[in-house]
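Please keep the sequence and the 3D view open while reading.

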Amino acid sequence: MIPVNEALDHLFALVSPLPSETVPLAEAFGRVLAQDVAARRDQPPFAASAMDGYAVAGADVAPGATFDVVGEAAAGHAFAGNVGSGQAARIFTGAPMPAGTDWVVIQEDVDRVDNTITLCDTLETKSYVRPAGSDFKNGDQIKAPRVLSASDVALLAAMNIAQVPMARRPVVAIIATGDELVQPGETPGPDQIIASNSYGLAALVEGAGGHARMLPIARDNVPALELAFDLSADADLIVTIGGASVGDHDLVGQVAEAKGMERSFYKIAMRPGKPLMAGRMGNSVMIGLPGNPVSAMVCGHIFLLPVIRKMLGQGTAPAPRETAPLAHDIGPNGIREHYTRAHIGPDGVTIFDRQDSALLTVLADANCLAVRPIGDPARSAGDKIDIIRI
Ligand SMILES: Nc1nc2c(c(=O)[nH]1)N[C@H]1C(S)=C(S)[C@@H](COP(=O)(O)OP(=O)(O)OC[C@H]3O[C@@H](n4cnc5c(N)ncnc54)[C@H](O)[C@@H]3O)O[C@H]1N2
Ligand code: MOO
């Protein structure tokens, strides 16, 4: 058994950042920017009014001052003329400031009679002009790598970047294995259960920016597993679930090796997740996850997501940790690093009593994994513990 950090280092050594691809802006949301991009224009491209009102020379603004309205500027319709001293242009939000003006008096502060406006006694003290380039300037950069948020997409659009260089999404083939499994929606036999991990892992993969390709369930026999590996050969990652342990029907490692998998490691000092295996397999990397549902999902968080992030060019880092106080006393930990299902709330971290790696209800109630190092002694309420949010 190797420690978790060593296993993760082995996995990082197996994968590299994928090449980038250019995608239309409308498809960029949630994906990872692969290269710095630069604004192709200033925004606003001209000094613009921030309000509806009258554009004047700021030097002329005083309570009771009067102006002749000589023209109009609206968004998309600049006023071509010049506005002289004692003159004003009717202006609307987003319109370019006419030549000769640097101040907008909001219409609420104006009395208008025919073509003459008179300013009221209490005036705003700000100009309501947005200077050219005050949001961004031509050449301003958005730095990669960065997961593009909805706000980023809006910013890229404003920068006139219609095609975006994105990290290619890793294709992750997910192979559930087991004679006992049927797909959700099917009718299980009396000795069967519903495949769950494959769906949970696919959700993790998609959430991290990968593309999950779920394969048909592979039965516990050599030809079925061989076929599943053949169907996954072009994936960037091949993730198997189950069949990783020492039972007579645990054939995954054996078949993977017969198919050319060069094993990097097998078995880690982790609970849950002990029978994890990984290795290079053709142009792909195979990660064999244990079958117990919580084990597979925990390994998904601790190994699969960091590997996907590396492939997306987001660097080489384990699942992010925080420290938080324990809400209660806990006993000592054993010889495997324990990723306990836990809940962090206002009272601190509560580690659930039931930690069997088959209990998906407990996992679904957890909002974090509280990590107990190998040989960690008993701890008291208030002691700090590492957590990983899930
Ligand atoms: N004698 C030993 N027995 C076991 C050991 C051991 O060291 N010595 N390790 C245990 C640990 S730890 C784990 S974890 C499990 C993992 O075993 P496998 O990876 O071989 O998983 P399976 O036996 O195929 O399945 C275990 C369990 O999970 C269910 N399962 C499998 N796939 C799915 C799926 N896609 N969706 C939902 N449930 C799934 C399966 O029905 C079993 O109940 O081995 C221990 N045994
Ligand atoms: O390691 Mo197993 O994954 O404890 O349940």
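Lys-267 counts as partly exposed because its relative accessibility is 27%; buried means under 20% relative accessible area, exposed over 50%, and partly exposed in between, with a 1.4 Å probe and protein chains only. Lys-267 lies in the loop between β20 (262-266) and β21, and its phi is near 85°, a positive value in a residue other than glycine. Helices (H or I, at least four residues) and strands (E, at least two) are DSSP runs, numbered from the N terminus.

This is a predicted model, in which local features need pLDDT of at least 70 and side-chain atom pairs count only at pLDDT 80 or more, while totals for chains, interfaces and linings use all residues. Residues are numbered from 1 along each chain as its sequence is written, chains are lettered from A and ligands numbered from 1 in the order in which they are written, and side-chain values use heavy atoms, with hydrogens and water left out.

Asp-114 also has a positive phi, about 50°, although it is not a glycine. Asp-114 sits in the loop between β9 (110-113) and β10 (116-119) and, at 68% relative accessibility, counts as exposed.

Two cis peptide bonds can be located next. One runs from Gln-43 to Pro-44, with omega near -10°, and Pro-44 is in the loop between β3 (37-38) and β4 (48-49). Another joins Arg-271 and Pro-272, with omega about -5°; Pro-272 is in the loop between β21 (270-271) and β22 (277-281).

Arg-271 is also touched by His-338 (contact means heavy atoms within 4.5 Å). His-338 belongs to strand β25 (residues 337-345) and counts as buried at 7% relative accessibility.

Helix α3 spans residues 197-207, and its buried residues are Asn-197, Ser-198, Gly-200, Leu-201, Ala-202, Leu-204 and Val-205. Their cover includes β15 (171-176), β18 (211-214), β19 (237-241), β23 (284-289) and α6 (293-311). After α3 comes Gly-209, with a positive phi near 100°.

Overall, the protein has seven helices and 28 strands. Its radius of gyration is 31 Å, well over the 21 Å that the globule rule gives for 390 residues, so the protein is more spread out than a compact globule; the radius is taken over C-alpha atoms, and the rule is 2.2 Å times the number of residues to the power 0.38. Buried residues make up 46% of the 390. An automatic or database domain assignment gives domain 1 (4-17 + 168-311), domain 2 (26-43 + 135-167), domain 3 (48-130) and domain 4 (322-389).

Methods: Lists of a residue's contacts leave out its neighbours within four places in sequence.
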